[in-house]
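Trainee: Could you take a close look at one part for me, the nonpolar core, and walk me through how the rest is arranged around it?

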Amino acid sequence: MRLSTTRVVAVVCLLFAASCATGGDFECPEGMNAFFELNVYFGQEKGNGETVSEEEWQAFLANAVTPRFPDGLTVLDARGQWFDTDNGRLYRESTKLLNVLVPVDSASSSVSAVRDLSDIYKEQFDQQAVFHTTSPACAEVY
């Protein structure tokens, strides 16, 4: 029996998801440590059509994000788009991409912190959603 590309991709995704669910049962090359990489996408367009200012973002970063991830993080400016199924409209907007590496043993609490941040951001800046991903990563500082 020949598998379709869609089925192969689905199986690979399921295997990947299962490895994440086991709490980090992945192996890193010698000298590297296992982490989970969290990426959180914060759209900058408010519900009223205004944009989250750099000052507002910096205050959110200082007051909400940094206390939850005091060991370090990275923020990148990005451009994103998403399709609003409620009104059938494609939105393109500036985005702040938060990238954090967390130790495997703190992945659950870190994902919980991301969910809290998402709720705060949605409330504060009138957002419908905040998107985030989690994936295994290997890292080395030298």
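Mentor: Happy to. A nonpolar core is a set of buried Ala, Val, Leu, Ile, Met, Phe, Trp, Tyr and Cys residues joined through side-chain atoms within 4.5 Å. Buried means under 20% relative accessible area, exposed means over 50%, and partly exposed lies in between (1.4 Å probe, protein chains only).

Two notes before we go in. This is a predicted model, in which local features need pLDDT of at least 70 and side-chain atom pairs count only at pLDDT 80 or more, while totals for chains, interfaces and linings use all residues. Residues are numbered from 1 along each chain as its sequence is written, and side-chain values use heavy atoms, with hydrogens and water left out.

Now the core itself. The largest nonpolar core has 23 residues, and Phe 42, Phe 60, Phe 69 and Tyr 121 touch the most other members. The elements giving two or more residues to this core are strand S1 (33-43), H2, strand S3 (89-103) and H3. H3 gives the most, with seven residues. These helices (H or I, at least four residues) and strands (E, at least two) are DSSP runs, numbered from the N terminus.

Tyr 121 is buried, at a relative accessible area of 0%. Leaving aside residues up to four places away in sequence, Tyr 121 touches Phe 42, Gly 43, Gln 44, Val 52, Trp 57, Phe 60, Asp 126, Gln 127 and Val 130; contact here means heavy atoms within 4.5 Å.

Next, the rings. Rings of Phe, Tyr and Trp (its six-membered ring) pair if their centres lie within 6.5 Å; planes under 30 degrees apart count as stacked, over 60 as edge-to-face and the rest as tilted. That rule gives ten aromatic pairs. One of them is the edge-to-face pair of Phe 60 and Tyr 121, at 5.1 Å centre to centre and with 65 degrees between the planes. Phe 60 sits in helix H2 (residues 54-68) and Tyr 121 in helix H3 (residues 107-125), so this pair ties together parts that are 61 residues apart in sequence. Phe 60 is buried too, at 2% relative accessibility.

What do the helices pack on? There is an open sheet of four strands in the order S2-S3-S1-S4, with antiparallel pairing; two strands pair if DSSP finds at least two bridges between them. The edge strands are strand S2 (74-84) and strand S4 (131-139), each pairing on one side only. S1 is joined to S4 by nine bridges, and Phe 36 stands opposite Pro 136 in S4. H2 packs on the sheet and touches S1, S2 and S3, its direction making about 30 degrees with that of S3. H3 also packs on the sheet, touching S1, S3 and S4, and its direction makes about 5 degrees with that of S1. For these angles, axes are lines fitted to C-alpha atoms, for helices over the stretch in contact, and angles run from 0 to 180 degrees between N-to-C directions.

Finally, confidence: pLDDT is the predictor's confidence in each residue, from 0 to 100. The protein averages 84, and 82% of the residues score at least 70. Confidence is highest in H2, at 98, and lowest in helix H1 (residues 5-21), at a mean of 36.
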